[in-house]
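Reader: I have a new model open and would like to talk it through. Can you put it up first?

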Amino acid sequence: MDFIEKISDEELTYVCTIITGKTIKLFFQRNSKEFNKIRPGYRPNGISDGEAIKLIVRFKSKPFIRSFINEYIKRWLDETDAYKAKLIREGLEPAAAFLLTLPETQFRGNLKLYFKVSGESYSEEHIQLAVSAVRLIQTNREVAASNVEEPSGDEAYIILQEQFATARKIWEDSESKYVQKIEMLTMKAEETEKALDVARKDLTSIKDEVAVLEAELAELRKLEKSSVSRGEMVRDEAYQYTSLCKVVPGYDGRPRLVRFSDIENGVILGHYLPDAPEHNKLYTKYTPAEEGFIGIWDWTVTPNISNPEKDFIESAYNDKYTPIEVIILRDCTTLDEVINQMKDGIIGKIATGKVIYAYWNDNGTYEGLFCTSKDLDLLENNTKLKANVFSLPMFVFTEADIFPVNETYIHRIINIGMPRKIVRIKDPLEIVKNILMQRVTWTASKQRGLVKNEYQQFRSFLRELPTNELYSEISEACDCSMKESEEYVKMFIRRADSYLDVTDLESEIISSIIQNHSEFAEICKAAIADEWKQENATQIVQANAELELVQGKVTDQKEVLGQITKEYTEKKVELEDSLSAIEQQKQLAVDVEMKVAERIEQARKNVADFITDMAFYQPLAVGTVAISQTNVSSDIFTEGKILPTEEIEPDNTWLEQQNTIMYELAEAGVSERFAAGLAAYIYAAYVNNIPLLLAGPGAREIADAFSAALFGRLAGTLRLDDDCPIPAIEQSLSCEDQVITIENAFCHLWNRYLPRILSDKSRFYIAVSLYAEDLLIEPNGILNYMVPLLTEFFVDKIPGRNFVGGYMSKDFTHYTPMKIKPWHDKLLKAIKAGPFAKRLLQQVLTDMHEIEQVDNADYDCIFALIPYAYACEKTSILKEELLGHPQKEIIVSSDVISLINTYFGELDESI
């Protein structure tokens, strides 16, 4: 039993005092490991007894402390039971034995603690009596102990008997009073129970009334949400009058106001105020809408200094209040007909920003639906209710509430208050469908791994949609309870399942009849077969003709196969001859390799020319090139294809954009393991405007994926060759593409073209090559301007190229590059990275880690260190640093070590 849960901290302190601090410290010594967790840096002997007790109380929830205290309390309870049993065996009554036992136990200093942990149920009065009796016994014992003579055994027994008799008399007196008290309380309880029954009935009645009132209150709150301009209309003190006016053109081309009626206390009077001037036209400097608009203007009249015979009128549009136009649909007799007309569209424009579409009912009043311009699609001469409007407030008014203005009717009350009820515009299931379809976006589907044509996955997706948020939205739209909204969703899903499964009651009945009656099944089959043959006679004739044609083609192909077999035999003989010739060419290949090595060495010596061009060449400006060429071949430059916009969704932050880049890279064939890291790495290069050099499979697809994710279009393509005209480069610098791939970047005259291209900082350039070996041929100086990436380390599948794309919203904020951190400084020095190239790599690595928020050494190795070491032919040094050095600067996973050994040869890790 867990006693600690039953006692207070004060009572636990008493228990610890009885155990003693010394014993507790010995316990801590035997459990030194646990003690160090609660009191690190101290030894049990180094703390005081008081501190030991405080630690027990403070950390009482620790299992080792809890079991220690529980064992002591259990032992004390067992000792108490044993002592009481001994007294009973000696002839004492159980009650006397119990009272004489308590003063002998460890609980004598806190008897209430015993009653808490004993496991027995006692009333508070019983506990108090027992405590009083024990205290009396203890007092008598103290008095007897003060006598000089020590009593004999019989005398001690007599003393105990006398003490018990006294305690028992006190007990019996208290018990008699307790019984009387119980009887009195029982009578009061019966009376209280009767009163309680009456109160329960009253409470039930009150609850029913409260439920009705709450339902009415809930309905009123719903109606209150749809109240129109609650509160008293107050005129601006700067103006004398407030009038209902219409915007009309003036003789000078400026708008004027026709004054229809004055407004007082929020009511359109239908006439001018008696003390107001008789001006039927007002001047204004501002109108919120075009000619024909009806609104409310505050105005005042002051003397005209230049012409005292005319008043000077100053007016201001009152945008706090809007008059309500009333459009009466004469051919409608019900609200449903009004709703249908609003959905189909009503000819004409609305004159104000608020309108009630109404009909005349049999009760001699108008009933109408209130809406604002936000609820309507306002076309050229047609007004139509928007599809996303699910309910509208309904108002009731009379003919006297309408003020006619030419052919327009205006409600006389500006603040018409609370509606009579809320009218549902659409069927609940249609509302559920609309809300669900609003939530089924491409982003949500893509995150759940759905394919559009796989209806089973779509149905599972629908079943996962219902949430409290969805139910709340449907409840508000349908004007129903949460429980009813859940039922509507379930009904919608059942209807969707039935539609998708194409099963209904009729088809199930027919299927059962056919399966149970074979003769009827044969009749059905024959009837269907004859009907099908008649309906498809033309197709059958056509199919037979196509079959004959195919059979003829098969015959022809068999003849072709025989000819191919003959040619194969001849080619096999030629192949054997070619193999013999290849052996003769091997020596020639060795000579060629020597020549290539010489050329590589010569190219490295000429790298200074390239660096000089990059340092001093100015960016191309349109119109400054002397060569003029109007038509540039599409073989040299091709603009990137714009992706379909139906499924593209904007990214609002660079964090959202990272997800889009990651999805598109996966579509380009990038492994899921490296997609997130590669997205951060390429984006880091992009925000720092550092060109990339992608070498290996899928390089072109990766460039397209990155461009699609950021700009919704594939990357533009610039193909270099030895006679590439300068205007083609100009076109790449003035095109719409923000990401441009450079193919054949290392053609013979690359040092002429690349300085011009890479000097353009308005676009992101990615050089692509199908083969990583191309990096070994060109001089290392190019790495000062382009960061290399070897794609074969992270491309593990054939690219799908089904890019969805993305784009940056108007409020998009780019990631801000961080200050460079010296990532892998020693290692980059070991592989002979130049200062500028090292700076580029460390900048990209710094921002990659900041973007990804993960210090993954595998990313650093795969994206930065291995490609650079490979391009510089320093892979052996890199392997030594990664695998063989006793103090490794970077620790990579076993998978990366396996990749290194696979591509660059084994290295004994025991070195």
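**Overview of the chain**

Author: Of the 911 residues in the chain, 40% are buried (under 20% relative accessible area with a 1.4 Å probe, protein chains only; over 50% is exposed, and partly exposed lies in between). This is a predicted model, in which local features need pLDDT of at least 70 and side-chain atom pairs count only at pLDDT 80 or more, while totals for chains, interfaces and linings use all residues. Residues are numbered from 1 along each chain as its sequence is written, and side-chain values use heavy atoms, with hydrogens and water left out.

Reader: How many helices and strands are in the chain?

Author: The chain has 30 helices and 24 strands. These are DSSP runs numbered from the N terminus, with helices being H or I of at least four residues and strands E of at least two.

Reader: And what does the accessible surface come to?

Author: About 53300 Å², and carbon and sulfur atoms account for 52% of that. The areas come from the Shrake-Rupley method with a 1.4 Å probe, and for residues only the protein chains shown count as cover.

Reader: What about contacts between residues at least 6 apart in sequence?

Author: Of those contacts, 72% join residues at least 24 apart. A contact means heavy atoms within 4.5 Å.

Reader: Next topic, helix pairs. At what angle do H1 and H4 cross?

Author: At roughly 140°, and the axes of H1 (residues 9-19) and H4 (residues 49-58) come within 10 Å. Axes are lines fitted to C-alpha atoms, for helices over the stretch in contact, and angles run from 0 to 180 degrees between N-to-C directions.

Reader: So how are H1 and H4 oriented to each other?

Author: They are oblique to each other. Angles under 35 degrees count as roughly parallel, over 145 as roughly antiparallel, 65 to 115 as roughly perpendicular, and the rest as oblique.

Reader: Which residues meet there?

Author: Asp9, Leu12, Thr13, Cys16 and Thr17 in H1 meet Ile53, Ile56 and Val57 in H4. By class, that contact of H1 with H4 holds five nonpolar, two polar and one charged residues. Ala, Val, Leu, Ile, Met, Phe, Trp, Tyr, Cys and Pro count as nonpolar, Asp, Glu, Lys and Arg as charged, and the others, Gly among them, as polar.

Reader: Now H21 and H28. What angle do they pack at?

Author: About 60°, with the axes of H21 (residues 672-687) and H28 (residues 857-871) 10 Å apart. H21 and H28 are therefore oblique to each other. Their contact divides into eight nonpolar, one polar and two charged residues.

Reader: Where does Leu269 lie?

Author: Leu269 lies in the loop between strand E3 (267-268) and strand E4 (281-283). Leu269 is partly exposed, at a relative accessible area of 22%. Leaving aside neighbours within four places in sequence, Leu269 is in contact with Ser261, Asp262, Glu264 and Arg412.

Reader: Last one: which residues does Thr875 touch?

Author: Thr875 touches Ala869, Tyr870 and Phe904, again not counting residues up to four places away in sequence. Thr875 is found in helix H29 (residues 875-884) and is buried, with a relative accessible area of 18%.
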